[in-house]
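Q: Could you walk me through this structure, one feature at a time, and tell me how each one is read?

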Amino acid sequence: MKHAARIAIAALICLAWVLPAQAQRRITPVNTAATATQSLNELKDDTAHINAQRRERSSSYVNDAGMVVWVDTITGDQWVDSMAPRAGIPKMQYPLLQSLSVGVDIWDAAMRLFGQDFGLVGFSAELNLHNRYIPVFEAGLGTASHRPSGMGYDYHSPVAPYFRIGANYNFLYNSNPSYMLVAGVRYGFSAFNWEVKDIDVESSYWDENAVAAIPSQKATAGWLELCFGLRVKLAGPVSAGWMLKYHSMMHCTKGPHGSPYYVPGYGSRSGALTGAFYVTYTLPFRHKSKDPAPDTDIEK
């Protein structure tokens, strides 16, 4: 009996030592750097949570791409909430058919006062869409009578028409339509005649000068223009503006006697830069609603 009691006491002592150790191993978590900060990281690194905190101290606006841009009222920093849905792109402040403008280009007429020997006059018609996109059609007349300094010949091109078609983009599209800052592109075309007269030809055989001529030649030309300009209001519907143009010849007829010196609407083929000065009259499509007439009844 004593031996059995000793065995039972030893077994109880072993169980008392093994069971707590096993229980401790089952409930003790593994503490690492990642698990210790997991809950904190989930809070701090959550993009939606961070953006919500930043929005509380920020004001916002919608840019042209429809994105919500937030401005921190404390630091002035701007940021885009990538988690927020895109807002609708702001509507244009002006209607699709804003206005129709017709104008006259007096650049060549003015340049002739300063000695230019080519050009005549040009006209333009513009359709203003949302005060932003402006299709343009231009037409005009050009002529040239040119005698180069120190050269013995006269170049002449009779009056001929030219045409240009293209469009402008107004950078001030949500501002007053009476004031524009534009960039544009044009394709120009002209069909015309040219000739060279009174060519002095020296003859060593006869020891005298002869006079020759190049008869009238038919030619066509096409060119590309890049434009940049400004327009301001003068009074009422009348405005004025200048435009700087860079142009490049795309094709031009070359006959047996060479290429023409002058192309109507383009100018001298030796120049890459030119200009325009427009006086424009604008006809708006939309009309302001009239205020109701004041009550004219007078109590007697």
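A: Let us start with burial: tyrosine 155 is buried because its relative accessible area is 4%, where buried means under 20% relative accessible area, exposed over 50% and partly exposed in between, with a 1.4 Å probe and protein chains only. This is a predicted model, in which local features need pLDDT of at least 70 and side-chain atom pairs count only at pLDDT 80 or more, while totals for chains, interfaces and linings use all residues. Residues are numbered from 1 along each chain as its sequence is written, and side-chain values use heavy atoms, with hydrogens and water left out.

Q: Which residues form aromatic pairs with tyrosine 155?
A: A pair of aromatic rings is described by the distance of the centres and the angle of the planes. Rings of Phe, Tyr and Trp (its six-membered ring) pair if their centres lie within 6.5 Å, and planes under 30 degrees apart count as stacked, over 60 as edge-to-face and the rest as tilted. By this rule the count comes to seven aromatic pairs. In one of them, tyrosine 155 is stacked with tryptophan 194, at 5.8 Å centre to centre and 15 degrees between the planes. That pair links distant parts of the chain, with tyrosine 155 in strand β7 and tryptophan 194 in strand β8 (residues 180-203), 39 residues apart; strands (E, at least two residues) are DSSP runs, numbered from the N terminus. Tryptophan 194 also counts as buried, at 4% relative accessibility. Tyrosine 155 and tyrosine 261 form an edge-to-face pair, with 5.4 Å between centres and 75 degrees between the planes. Here tyrosine 261 belongs to the loop between β10 (238-252) and β11 (262-263), 106 residues apart from tyrosine 155, and tyrosine 261 is partly exposed, with a relative accessible area of 25%.

Q: In what sense do β6 and β7 pair, and over how many bridges?
A: Strands of a sheet pair through backbone hydrogen bonds, either parallel or antiparallel. Two strands count as paired if DSSP finds at least two bridges between them. For β6 and β7 the sense is antiparallel, over 13 bridges, and histidine 146 has tyrosine 155 in β7 as its bridge partner. Strand β6 (residues 133-146) also pairs with strand β5 (residues 121-129), in the antiparallel sense over seven bridges, and valine 121 stands opposite leucine 141 in β6.

Q: How many residues lie between β5 and β6 in their hairpin?
A: There are three residues between them. Histidine 130 is partly exposed, with a relative accessible area of 22%, whereas asparagine 131 is buried, at 0%.

Q: Is arginine 164 buried or exposed, and which side chain makes a polar contact with its side chain?
A: A polar contact is a pair of N or O atoms within 3.5 Å; within protein, one must be able to donate a hydrogen and the other to accept it, and residues adjacent in sequence count only if both atoms are side-chain atoms. Arginine 164, placed in strand β7 (residues 154-170), counts as buried because its relative accessibility is 5%. Its side chain makes a polar contact with the side chain of glutamate 138 at 2.6 Å, and a polar atom of the arginine 164 side chain lies 2.7 Å from the backbone oxygen of glycine 265.

How values were computed: Helix = DSSP H or I, 4+ residues; strand = E, 2+ residues; numbered from the N terminus.
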